[in-house]
Protein chains: 2
Amino acid sequence: MTYTAPVKDLLFALEQLAGLERLAALPGGEDCGLDTAAAVLGECARLAQEVIAPLNRPGDLAPSRWQHGEVRTTPGFAAAFAQFAAGGWQGLQHPAAYGGQALPKALAAACAEMVHAASLSFALCPMLSDGAIEALLAAGSEELKNTWLPPLVEGRWTGTMNLTEPQAGSDLAQVRSRAEPQADGRWRIAGTKIFITYGEHDMAENIVHLVLARAAGAPAGVKGISLFLVPKFLPDQDGRPGQRNDVACTGIEHKLGIQASPTAVLAFGGGLAGSIADTQGPGAVGYLVGELNRGLETMFVMMNAARFAVGLQGVAIGERAFQQALAYARERVQGRPVDGSCAEAVPIVAHPDVRRMLMTMRALTEGCRAMALLAAGACDLAHRTPDAQERAGAQARYEFLVPLVKGFATEAGNESASLGVQVHGGMGFIEETGAAQHLRDARILTIYEGTTAIQANDLLGRKTLRDGGAQARLLAADIEATEEELAQSADPAEAQTRQGLRMAREDFLEVVDFMLAHGKTDPNAAYAGSVPYLMLAGLLVSGWQLARLQLAARRGLSGDAAADRDYLQAKIATARFFATHLLPRTAALRRQVVAGAASMQALPAALF
Amino acid sequence: MTYTAPVKDLLFALEQLAGLERLAALPGGEDCGLDTAAAVLGECARLAQEVIAPLNRPGDLAPSRWQHGEVRTTPGFAAAFAQFAAGGWQGLQHPAAYGGQALPKALAAACAEMVHAASLSFALCPMLSDGAIEALLAAGSEELKNTWLPPLVEGRWTGTMNLTEPQAGSDLAQVRSRAEPQADGRWRIAGTKIFITYGEHDMAENIVHLVLARAAGAPAGVKGISLFLVPKFLPDQDGRPGQRNDVACTGIEHKLGIQASPTAVLAFGGGLAGSIADTQGPGAVGYLVGELNRGLETMFVMMNAARFAVGLQGVAIGERAFQQALAYARERVQGRPVDGSCAEAVPIVAHPDVRRMLMTMRALTEGCRAMALLAAGACDLAHRTPDAQERAGAQARYEFLVPLVKGFATEAGNESASLGVQVHGGMGFIEETGAAQHLRDARILTIYEGTTAIQANDLLGRKTLRDGGAQARLLAADIEATEEELAQSADPAEAQTRQGLRMAREDFLEVVDFMLAHGKTDPNAAYAGSVPYLMLAGLLVSGWQLARLQLAARRGLSGDAAADRDYLQAKIATARFFATHLLPRTAALRRQVVAGAASMQALPAALF
């Protein structure tokens with residue numbers, strides 16, 4: 001149940017896929033080259049392995065507990081978070097002006113994967129702070145930024161996202177929380193928010209809630225939603241946590257997994273005793289972030305950051321589950337080899353189907369990691385390159401990839417976690433083993449920050465139909481270029497990868513054509529295939545990135561990297577496995593989309 | 001969270017697929033026609049819905065507890081089991097000579113599905129008794145049968161299967177439990193067994209353990225294993241539970257799911273205080289079942305029955321998860337339709353991807369149910385027809401289908417349970433909702449009674465390679481006949497189903513050819529594809545059975561079944577959905593098998 005951070009893999013992908021050296025060559029990027037990355041990853045790996053990972057199981061056994069409005073987190077979590085903050089990890093990718101280290105998102109993503117793998121529950125706290133920081137950076141006034149960003153970036157305070165209400169989940173048009181202006185320019189917020197991750201806890205001095213609410217008189221629907229910053233404690237004149245705001249935590253949820261992370265119900269403006277409500281009447285004091293009625297746009301900034309981060313959680317849980325399953329498969333002795341090569345029972349890693357499961361976990365995890373770091377690199381390039389055209393291209397690529405990273409990597413994480421249980425056989429079902437925790441923990445990933453279907457809607461509507469398939473086809477063209485590189489090799493491994501990639505790309509293009517043909521005329525038919533489309537695209541991009549790593553590995557093998565021979569051979573084997581075992585799924589997905597729409601609508605809802 | 005037993009579906013499948021009327025026309029089958037079936041299903045449905053289903057959630061919240069060697073089951077379980085026994089449900093399919101009702105296995109299977117759906121945890125107890133009864137019927141002496149069968153069939157006593165030991169899971173060659181002969185013809189058993197379902201409980205007067213152990217001096221490996229009957233209480237001269245045997249329950253497991261069902265560690269012959277060990281020394285008294293050193297053969301009888309039953313559990317959990325998800329999707333209002341047909345938010349069942357998920361659950365569940373009842377009907381025919389050739393054919397068909405029912409229906413049950421969580425969105429992750437329990441409960445199904453890989457080994461080795469693919473090809477020929485029937489229709493729904501079936505059958509045959517070509521020469525390559533082969537075959541047979549139901553529904557619609565119009569239309573829509581959304585998966589599975597073997601072995605275990 002220990003965790004070994006995959007530092008070498010992360011570094012290889014940062015170099016080969018995220019374009020870290022290119023970023024380091026851009027103005028202001030001098031400090032983000034491979035040497036820096038190696039040093040940062042090494043430090044982060046130590047923290048993840050030694051400080052955070054040992055808390056993962058205790059967090060499941062002794063989850064956060066709610067009592068009288070307060071939440072006591074798992075023993076050890078607060079101290080670990082203090083150490084995390086002291087190491088400067090919260091500020092890794094945030095601007096130096098607010099105390100951050102301004103390192104690339106790609107490098108921060110690599111670090112985040114390790115922290116998530118160490119403990120999904122723990123890592124949610126800094127992840128939500130990241131989102132709050134992004135939102136304030138994107139839309140906050142100078143005053144807001146100067147007041148709230150330094151303690152958030154430092155990790156002294158933490159952030160939350162408050163979107164969901166009982167009647168408003170995926171459908172934010174139904175948000176009912178209300179905001180009334182005060183004479184001093186501040187607002188008073190009232191309403192109930194649910195599913196608020198780390199909405200209350202004992203790991204920081206203050207909690208900064210970013211809350212969607214309707215200003216009095218605002219229009220109905222999503223165009224009447226504004227974003228407010230509502231702290232747990234209002235700062236005193238020295239900027240320290242002062243009066244308690246009228247925000248009460250009325251309970252936390254009993255969940256299937258990530259039990260250590262408190263999922264709070266928050267009552268804003270309920271007249272909490274001991275808060276400002278005692279003297280000033282009910283209503284949580286809040287600050288408008290960005291323009292009135294444009295809260296959703298800012299929330300999308302935050303949500304995109306969070307969606308990408310949840311995709312990393314999918315990679316992380318896949319890695320953690322894989323490591324645990326592999327360790328078990330190497331040590332559990334059971335059954336003789338089917339090829340008769342040994343008369344005694346052998347470790348189950350020798351059995352073909354165990355091998356298939358482990359390779360599937362490995363390939364999915366490495367493929368999703370590669371896709372996530374590709375996306376992060378594109379995001380960095382979009383922010384850092386001085387070339388406007390390159391900026392726009394990188395931004396469009398990043399935006400296309402975000403729903404794939406969130407949607408596909410989390411589905412893949414669930415698949416790996418479930419396979420991890422399966423590799424353990426009966427022991428996998430016993431909670432003491434720990435494999436089941438990964439499965440339980442993983443199950444939220446395809447749901448929060450937008451379900452897979454919500455990601456698929458985004459991919460189809462905003463990222464494919466809106467530009468007439470332009471970005472989708474650019475992507476396919478880039479993939480074809482990789483196929484051509486693979487074609488220059490006579491090696492059968494490259495040929496297999498190339499063939500898998502080509503068939504998957506053709507499936508992808510056929511689906512894109514179908515979507516463009518039906519998106520407007522028959523939206524039910526198009527959206528019936530939205531999740532299969534997302535899964536197809538996720539497979540294709542992950543397989544493509546592994547193919548790029550395969551090419552890099554082949555180049556490495558022809559150099560004098562003798563020490564790395566085994567490592568590079570393993571990269572080649574993984575890419576080839578992905579191409580022959582996982583990419584073929586695109587054929588089924590393509591047929592579902594193209595031939596399946598009518599049959600899906602054939603049954604009226606009443607006849608289900 | 002209520003459960004409505006799918007009586008109509010079960011009856012339709014019994015009639016159309018299991019050949020119930022044919023069975024009723026055979027000698028001795030007079031009482032098993034459709035009228036009897038309808039009456040029995042109706043009674044069983046009431047019991048399942050009203051008595052057992054309400055215990056499912058309490059069983060999760062207040063699982064079985066172990067204390068001082070005793071297990072206290074969830075309040076209500078013992079009373080419900082008494083009611084189950086009093087209703088004669090334990091004896092449904094067992095011989096009248098021992099107090100049973102001698103009804104067909106197909107009808108018993110339909111009833112078992114309902115009981116499993118009501119509560120997997122509860123239903124395991126009678127399921128294990130069924131296995132013990134089958135083993136005694138197959139191999140027990142007259143004396144053993146006369147002593148032990150009546151109370152088991154009556155449900156006064158219950159049975160267990162004791163195979164697993166810490167070092168012997170899938171690999172029974174490693175069983176170490178030992179048996180020493182006594183002068184009186186009985187044996188003394190010593191050893192530790194783990195994962196014993198209902199190995200200890202408070203729901204019956206006595207527990208009858210069937211235990212694999214090695215007689216003193218027996219050869220190593222599976223050819224030295226014998227089967228012993230070891231009761232918790234030795235019967236007194238009136239046949240009532242008398243002296244306590246030397247069998248101790250030293251603990252039960254803390255599991256991911258099916259928490260109400262106690263999973264016991266049993267110590268045989270450990271010198272339990274208060275048992276016969278006090279006066280006669282340690283050693284559990286046991287009776288040899290069948291011949292010495294041939295215990296595994298008898299255990300296989302029991303295991304085949306149990307494997308089939310676990311397949312039914314897969315169907316059951318799929319149905320339960322589907323019903324819960326559908327109810328939620330009909331009541332949860334969120335988001336406007338993508339086709340702009342309504343300006344207000346609508347129940348989520350209207351959204352295409354929710355529809356896709358619900359249809360997937362529905363189609364998988366109905367397809368697996370259809371396959372299971374086909375198999376049960378074949379088993380009945382094999383036992384009841386006087387025609388020797390027909391008997392042999394039906395037996396071979398049944399044996400081919402058992403690994404599919406166990407392997408595929410349980411994987412499908414997991415997929416449905418996971419989709420059920422997904423349909424609920426965030427609420428699915430909250431334990432109070434109940435959707436997560438189904439996922440946790442389902443997760444054992446692909447593991448116990450032989451993992452999916454073990455089923456796949458059986459399918460490939462014993463059921464495909466051994467007869468040179470004969471049964472596999474017979475199956476394909478029968479499927480082709482259904483395709484021809486479909487071809488006689490001009491209806492597009494039939495055309496889609498036919499096309500899906502044809503492509504899947506061709507994939508199947510290509511894989512069978514691959515297996516026959518490589519099974520002996522390159523067993524690693526063949527077994528690398530064993531689970532994909534099983535999944536492919538399971539999809540094909542399920543889709544085929546739904547196609548047969550589609551044809552029956554079409555015939556029904558052309559008759560005067562006006563009242564059933566909606567029902568029959570729904571059958572057609574489901575078969576068509578299966579053919580266009582689920583059968584296409586065979587293309588990916590075929591490529592995995594045929595093109596993927598080499599890439600799976602490319603990475604040496606040490607380089608993982």
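Predicted model: local features only at pLDDT ≥ 70, side-chain atom pairs only at ≥ 80, totals over all residues.
Of the 37 residues of helix 10 of chain B, 30 are buried, so the helix is largely enclosed by the rest of the structure.

A buried position is also found in a loop of chain B. His94(B) lies between helix 5 (77-86) and helix 6 (105-118), and its relative accessible area is 1%. As this value falls under the 20% cut-off, His94(B) is classed as buried. Beyond its neighbours within four places in sequence, His94(B) contacts Gly100(B), Gln101(B), Ala102(B), Asp130(B), Ile133(B), Glu134(B), Leu137(B) and Val153(B). Val153(B) is 59 residues away from His94(B) along the chain, yet the two C-alpha atoms are separated by 7.1 Å.

The interface between chain B and chain A buries about 7,800 Å², with 62% of this area on carbon and sulfur atoms. Phe429(B), Arg591(B) and Phe608(B) together account for 12% of the area that chain B buries against chain A, more than any other three residues. The contact involves 88 residues of chain B and 89 residues of chain A. Between the two chains, 40 residue pairs are in polar contact, whereas 0 salt bridges are found. On the side of chain B that touches chain A, helix 20 (residues 585-601) provides the largest share, with 12 residues. By class, that side of chain B consists of 45 nonpolar, 24 polar and 19 charged residues.

Conventions: Residues numbered from 1 in each chain as written. Chains lettered and ligands numbered in written order. Heavy atoms only, no water. Contact = heavy atoms within 4.5 Å. Buried area = accessible area lost by both parts, 1.4 Å probe. Salt bridge = Lys/Arg side-chain N within 4 Å of Asp/Glu carboxyl O. Polar contact = N/O pair within 3.5 Å; in protein donor to acceptor, adjacent residues only side chain to side chain. Helix = DSSP H or I, 4+ residues; strand = E, 2+ residues; numbered from the N terminus. Nonpolar A, V, L, I, M, F, W, Y, C, P; charged D, E, K, R; others polar. Buried < 20%, exposed > 50% of the residue type's maximum accessible area, 1.4 Å probe, protein only.
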